[in-house]
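Here is a quick walk through one model, meant to be read with the structure open beside you.

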Amino acid sequence: MRIGELADATRTTVETIRFYERAGLLPAPARSSGNYRQYTPTHAERLAFIRHCRNLDMTMDEIRQLLQFRDAPGADCGQVNALLDEHIEHVEQRIRELRKLERELRTLRARCAVPGAACGILEELDGAAAQSHPTPRRHIRGAH
């Protein structure tokens with residue numbers, strides 16, 4: 001099948017397919033005599049696997065490792081378990097940070113209880129900005 005057919009079959013954009021090829025996650029397909037990419041059902045299966053991993057918020061490196069394990073089915077799955085355990089820890093950390101962010105936003109939202117009065121939210125944001133530069137949130141490896 002051609003790239004457009006693969007895109008339709010997997011509900012993936014052509015640009016995303018090319019991106020995964022450039023990233024080395026999806027092997028380059030054979031070319032026709034007219035130099036068109038010719039994909040196989042194996043490409044579609046691999047692409048579905050990649051997309052499912054992305055839906056689980058896995059990084060490209062995590063997916064690359066999982067694909068290596070997938071390509072060697074006789075290998076010990078202990079490393080797969082370790083990779084998934086690390087990803088679960090990452091997700092748990094993000095959940096904690098999102099809950100903290102939610103509390104901060106709810107507190108901020110409570111600052112504006114009187115319609116028509118000066119906006120407490122904007123006053124709070126202005127005051128915080130004037131006091132110091134906002135501290136950027138710590139980046140968690142693999143966050144998307």
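Lys100 is partly exposed, with a relative accessible area of 43%; here buried means under 20% relative accessible area, exposed over 50% and partly exposed in between (1.4 Å probe, protein chains only). Before going further, a word on the ground rules: this is a predicted model, where local features need pLDDT of at least 70 and side-chain atom pairs count only at pLDDT 80 or more, while totals for chains, interfaces and linings use all residues. Residues are numbered from 1 along each chain as its sequence is written, and side-chain values use heavy atoms, with hydrogens and water left out.

Back to Lys100: its side chain meets that of Glu104 in a salt bridge (3.9 Å, N to O), a term that stands for a side-chain nitrogen of Lys or Arg within 4 Å of a carboxyl oxygen of Asp or Glu. Both residues sit in helix α5, four residues apart, or about one turn of the helix. Helices (H or I, at least four residues) and strands (E, at least two) are DSSP runs, numbered from the N terminus. Glu104 is partly exposed too, at 35% relative accessibility.

Helix α5 holds another such pair, Glu102 and Arg106, four residues apart and separated by about one helical turn. Glu102 is partly exposed at 39%, whereas Arg106 is exposed at 58%.

How many salt bridges are there by this rule? The count comes to six, and the table lists some of them.

| Salt bridge | Distance, N to O |
|---|---|
| Glu104 and Lys100 | 3.9 Å |
| Glu102 and Arg106 | 3.0 Å |
| Arg46 and Asp71 | 3.0 Å |

The pair of Arg46 and Asp71 in that table links distant parts of the chain, 25 residues apart: Arg46 is in helix α3 (residues 41-55) and Asp71 is in the loop between α4 (60-70) and α5 (78-109). Is Arg46 buried or exposed? With 13% relative accessibility, Arg46 counts as buried.

Now for the other end of the chain. In α1, the buried residues are Ile3, Leu6, Ala7 and Thr10. They all fall on the same side of α1, because they cover an arc of only 100 degrees around the axis; that arc is taken from the directions from the helix axis to the C-beta atoms. Asp8 and Ala9, on the other side of α1, are exposed. The buried residues of α1 pack against α2, β2 and α3.

Leu6 also turns up in the largest nonpolar core, which has 18 residues; Leu6 is among those with the most contacts inside it, along with Ile17, Tyr20, Leu25, Leu47, Ile50 and Ile63. Such a core is a set of buried Ala, Val, Leu, Ile, Met, Phe, Trp, Tyr and Cys residues joined through side-chain atoms within 4.5 Å. The elements giving two or more residues to this core are α1, α2, α3 and α4. Take Ile17: leaving aside its neighbours within four places in sequence, Ile17 is in contact (heavy atoms within 4.5 Å) with Ile3, Leu6, Ala7, Thr12, Leu26, Tyr39 and Leu47.

Finally, a look at the backbone. Most residues other than glycine have a negative phi. Arg11 lies in the loop between α1 (3-10) and α2 (14-22) and is exposed, with a relative accessible area of 73%. Asn35 also has a positive phi, near 70 degrees, and is found in the loop between β1 (30-31) and β2 (37-38).
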